[in-house]
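The sequence and the model are shown below.

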Amino acid sequence: MSGTSSGTARGMVPAKLDLTVRIGDLVMQNPVGVASGTFGYGEEYEDLVDIDCLGALYTKAVTPEPRPGNPAPRLADTPAGMLNSIGLANPGLDAFIADKLPRLRARRCAVIVNVAGGTEDDYLRVLDALEAQDGIVGYEINISCPNVAHGGLSFGTDPVQVERLTRRLVDAVGSRAMAGAEARCDRLAGRGRRPLIVKLSPNVTDIAAIAKAAEAGGAVALSCINTLVGMVIDIKTKRPVLAMGSGGLSGPAIRPVGVAMVYKASHAVSIPVIGLGGISDADDALQYLLAGAVAIQVGTAIFSRPEAPLEILAGIREFMEREGIEQVADIRKLLR
Ligand SMILES: Cc1cc2nc3c(=O)[nH]c(=O)nc-3n(C[C@H](O)[C@H](O)[C@H](O)COP(=O)(O)O)c2cc1C
């Protein structure tokens with residue numbers, strides 16, 4: 001039985017595969033999502049990807065005000081990856097609600113809004129406004145942002161700040177979900193809160209401590225990992241290639257770091273962990289699921305292969321059939 005609680009004997013094709021993923025009250029139809037900042041708000045990919053067949057679409061960051069992002073150049077190639085310093089460029093909260101959300105509402109996949117800010121109040125402002133909107137099933141909180149009120153160090157590198165920010169945001173979502181008749185009924189039935197997923201920064205010494213801090217603050221799930229700090233220097237100009245100097249490294253180069261961090265984080269907490277970082281094919285995704293992730297996201301790979309996420313989904317199905325696993329959540333039990 002290779003340790004599966006719901007599996008059939010190894011080698012036998014299970015009668016029915018269950019690919020659904022539960023994150024708090026949220027049910028995703030499958031474990032494959034597209035990562036924040038690599039899929040926009042879905043519009044550019046409508047003709048290239050059957051978005052409704054994805055498990056989840058994590059939007060580009062939304063901040064209270066529009067952000068033009070950092071000056072160019074803000075992209076650089078690296079071996080097996082890329083470096084970006086896009087700087088959370090986005091149209092801002094009001095334009096997101098007016099122009100982007102109506103199209104996202106029609107989506108069958110789970111629409112999860114990635115929230116960013118430079119102060120705790122920025123995050124609260126975005127959540128506050130989005131709580132009044134339908135068509136969103138959860139929030140992913142990007143804590144890799146520099147905390148402008150505390151010298152610009154990322155929120156995500158300090159467990160005390162992570163726990164405090166998470167608690168404030170969880171309270172905000174909870175209290176708003178309790179307003180109104182429909183929400184009261186939801187609460188009585190024990191449902192209705194949009195899950196808060198805290199997206200961890202890998203630029204820390206002890207990812208387990210940060211994961212535990214987010215859990216203690218009330219996060220319903222974690223996503224892991226964001227980009228790693230990197231720099232490329234042009235030896236002819238003797239300047240960094242990116243206008244900002246350093247940027248965020250993504251792509252296959254960071255996958256082993258992501259897998260190790262998902263392993264550590266998922267064994268340190270009892271809330272679900274969503275894995276990402278350098279996933280290009282089903283084997284990469286399966287490494288994350290074996291490491292302890294309940295779901296995955298595909299990021300940089302989409303730029304060159306928009307079809308990658310749905311191919312990965314097919315590959316996960318094939319693996320489950322081959323291994324005789326009925327429920328995707330049981331893949332992690334196969335790790336020896
Ligand atoms: C161009 C670009 C923009 C990104 N923008 C965001 C963002 O707005 N919010 C966020 O949480 N992560 C953002 N990320 C990080 C990705 O969501 C992901 O965590 C990271 O790239 C690692 O996954 P990957 O190697 O599959 O790309 C961005 C990544 C890239 C490459």
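## Strands β6 and β14

Asn84 has Gly248 in β14 as its bridge partner. In this predicted model, strand β6 covers residues 81–84 and strand β14 covers residues 247–250, and the two are joined by 3 bridges in the antiparallel sense.

Asn84 of β6 also stands opposite Leu75. The pairing of β5 with β6 is antiparallel and runs over 4 bridges.

## The sheet

Strand β11, residues 228–230, is antiparallel to β14 and is joined to it by 3 bridges. Here Leu228 has Leu249 in β14 as its bridge partner.

Together, 4 strands make up an open sheet with antiparallel pairing, in the order β5-β6-β14-β11. The edges are taken by β5 (75–78) and β11; each has a single partner strand, so one side of each has no neighbour in the sheet. On average, neighbouring strands in this sheet are turned by 35° against each other, with direction ignored.

## Helices α7 and α9

Two packed helices are described by the angle between their axes and by the distance between the axes. For helix α7 (residues 282–291) and helix α9 (residues 308–323), the angle is about 60° and the axes are 8 Å apart. The crossing of α7 past α9 is right-handed.

On the α7 side, the contact is made by Ala282, Ala285, Leu286 and Leu289, which meet Ile312, Gly315, Ile316 and Phe319 of α9. Of the residues in this contact, 7 are nonpolar, 1 is polar and none is charged.

Notes: Residues are numbered from 1 along each chain as its sequence is written. This is a predicted model: local features need pLDDT of at least 70, side-chain atom pairs count only at pLDDT 80 or more; totals for chains, interfaces and linings use all residues. Side-chain values use heavy atoms; hydrogens and water are left out. Axes are lines fitted to C-alpha atoms, for helices over the stretch in contact, and angles run from 0 to 180 degrees between N-to-C directions. A crossing is left-handed if the near helix is turned anticlockwise from the far one by less than a right angle, and right-handed if clockwise. Contact means heavy atoms within 4.5 Å. Ala, Val, Leu, Ile, Met, Phe, Trp, Tyr, Cys and Pro count as nonpolar, Asp, Glu, Lys and Arg as charged, and the others, Gly among them, as polar. Two strands pair if DSSP finds at least two bridges between them.
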